[in-house]
2 protein chains.
Amino acid sequence: MAGRADALSIGLNAVIVAVTGEVPRVLTVEPPKLALPDQAGRTAKWAETPYALPFGPFEPRRHRTLELGLRSWVDEQTGLALGHVEQLYTYADRNRDPRELAGGPRVVSIGYLALVREDAPQEDTKSEWCDWYDFLPWEDWRAGRPPWVDEVIRPLMWRWAESSSDEETRRGRGERVSIAFANNGAAWDPVRLLERYELLYEAGLVAEAERDRLLAKSRGRTGGRIGGLPHAERLNAIAATGRPMSLDHRRILATALERLRGKLNYRPVVFELLPEDFTLFRLQRVIEALAGAELHKQNFRRLVTNTRLVEATGGRESGGRGRPAKLYRFRRDVLLERPAPGIGMPAPKQPD
Amino acid sequence: MAGRADALSIGLNAVIVAVTGEVPRVLTVEPPKLALPDQAGRTAKWAETPYALPFGPFEPRRHRTLELGLRSWVDEQTGLALGHVEQLYTYADRNRDPRELAGGPRVVSIGYLALVREDAPQEDTKSEWCDWYDFLPWEDWRAGRPPWVDEVIRPLMWRWAESSSDEETRRGRGERVSIAFANNGAAWDPVRLLERYELLYEAGLVAEAERDRLLAKSRGRTGGRIGGLPHAERLNAIAATGRPMSLDHRRILATALERLRGKLNYRPVVFELLPEDFTLFRLQRVIEALAGAELHKQNFRRLVTNTRLVEATGGRESGGRGRPAKLYRFRRDVLLERPAPGIGMPAPKQPD
DNA sequence: AAAAATAATACTCTCACAGAGCATTAGTTA
DNA sequence: TAACTAATGCTCTGTGAGAGTATTATTTTT
């Protein structure tokens, strides 16, 4: 019925997120060895990326549903107790996985977002919690607008957009760049994170783009060209666009964070990342970490208390300097009261 | 490598949406024959559902990406020019497809939402545009709160929630029902459409639940029980919860509409359903059709004009009764100006 | 041709809420 | 005891949504 070339396999990729202190983290593992010798017999450079998302195969025989499959191998491999779990997206682009080129099956990959509490168990040695902004540095605006976004990325993206010889393409790219990177005085939307990563990839400004280009070239494909920007400037920008990941894992990561940022607006997901009791300031810090933007402290407190999203436990936090903060907990009953309880994604301050 | 039981196949299901006049429509086809004789040799009743979503297999050999695969067979089968296309969700529950029970492969199904303009081409004879509220009648609040939601569905859902013998389950169900069906004076959230369908399914108040229960029973499974509500009342409610669809297609439909309703808020997707030029009132009607709720006319106009989402073409609409309306078109430039341009989902008016 | 009906369009009032800043309180540290 | 730090309380302001009233431009009816 299905020949060799129709072989399919389904993989489940998890973006497992936690926040420790003010650092949003994602669990990474060492990637499987993907290196295929190129035509000259050398092992390609792109095989060396040290970060991958945890991955497990979907086994129809064992797994009743996709989510159960995911939970099952995450549990086996990490022992983490996943809280909120959410399916993100299914990727099946040809040659997503270079092993396909060597005759492997078409790998369909289903991305998942999973949240765990800070006080989560140990980590084993094969995995590592990384600051997610190491992979997406342009998304952290907590210390203000990152200057090199304005100075390097944005100008390059514009040049890329305008470098196309096709009128229609130029217009389309210009529109997308403008929206994603907030050009014409528009506001930077923290949620439009995936589009930004995809544009950077298309323009050849992230390491994976270069990797895939080289791979295609070494295989003698003509599709390996990245139009527009000079090689040297691309490499220069790549040095600033953060760590690469294996395969398309950084795209999956971007999808996850976009979803998470978006969801903050209308669903009380933050509380999945916090311990039972927390101070309002802690809550604020976690949201800022996720949103990559700072919040006005007083307004933030007004928001969460007015909307009755939290309630005081009666306890207070000891230890720190300054006036001790009251402890709060999530008020589950908001779910019964408000249609879409969430905490808004702040637009990062524009230095006008 | 993979035994028989590990066989996999991937299907692409499309929810193709258009709005004609004030009627939101979805393209349906006649389902494939799924009937399996039960143990007594009879053909099960659930095989008779006349509506299915258009479906096509994903063929790794032919299709470079999932979306291209979808577009390709939709084009072949219907000739429709799809506008906006968006992946929804991937379903792989065991026994989703009863053919699996007869030794077929595990069918993984990827749902897509696609929008087409009203002035779309012909339809062929094998497909039919149906009012989507025929499948989800409780979601249409344009003529006010549907009385039987209050009188039939809600009380039954509460009884179901409280019928569990397990304290924890009761609490969980109560919360979900309360949120989804807006019980304690909470507002009915038009977007929470999928959760409502899923709850109705779990409570056995949609035809598919009964169908699956009978199927499981005929196969001698014990999982076929639906706890809580008496059979007669369930059947009574089922008569009011709209037309069933093949397999889990109604769930996919619900996913699609939830996504579409949600997206209206922050992305100008409506315009994918409208012709180039339209009157504001037409735009309003389309949004009302999607949202299943009525809008305040004056405020609506203020919103779309103030936010500069549309611009006057200069033309006017001839023909109708009353003062002729100006024609407008979508102002693509909003995309450059505003971070998340959309038209809000109205909360349907609550009586009193 | 005038009156009635039908829609479109304009304007006002009110309330909720977000953004920004100032002021006060309750602790810790020097 | 003073200085410092952080939490908490309060005000002012602008924007946008919800609701209602009034006016204008057409078609239909009489």
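B:Val19 stands opposite B:Pro24 in strand S2 of chain B. The partner strands are S1 (residues 8–20) and S2 of chain B, which pair in the antiparallel sense over 4 bridges; strands are DSSP E runs of at least two residues, numbered from the N terminus, and two strands pair if DSSP finds at least two bridges between them. S1(B) and S2(B) form a hairpin with 2 residues between them, and B:Gly21 in the turn has a positive phi of about 60°.

A word on the source. This is a predicted model, where local features need pLDDT of at least 70 and side-chain atom pairs count only at pLDDT 80 or more, while totals for chains, interfaces and linings use all residues. Residues are numbered from 1 along each chain as its sequence is written, chains are lettered from A in the order in which they are written, and side-chain values use heavy atoms, without hydrogens or water.

Back to S2(B). S2(B) also pairs with strand S6 (residues 127–131) of chain B, antiparallel, over 5 bridges. There, B:Val29 stands opposite B:Ser127. Of the 7 residues in S2(B), 5 are buried, that is, under 20% relative accessible area with a 1.4 Å probe, protein chains only.

Now the interface. Chain A and chain B each put 43 residues into the contact, meaning heavy atoms within 4.5 Å. Which three residues supply 16% of the area that chain A buries against chain B? They are A:Pro60, A:Arg61 and A:Leu336; buried area is the accessible area (1.4 Å probe) that two parts lose on being put together, summed over both.

Key
Buried < 20%, exposed > 50% of the residue type's maximum accessible area, 1.4 Å probe, protein only.
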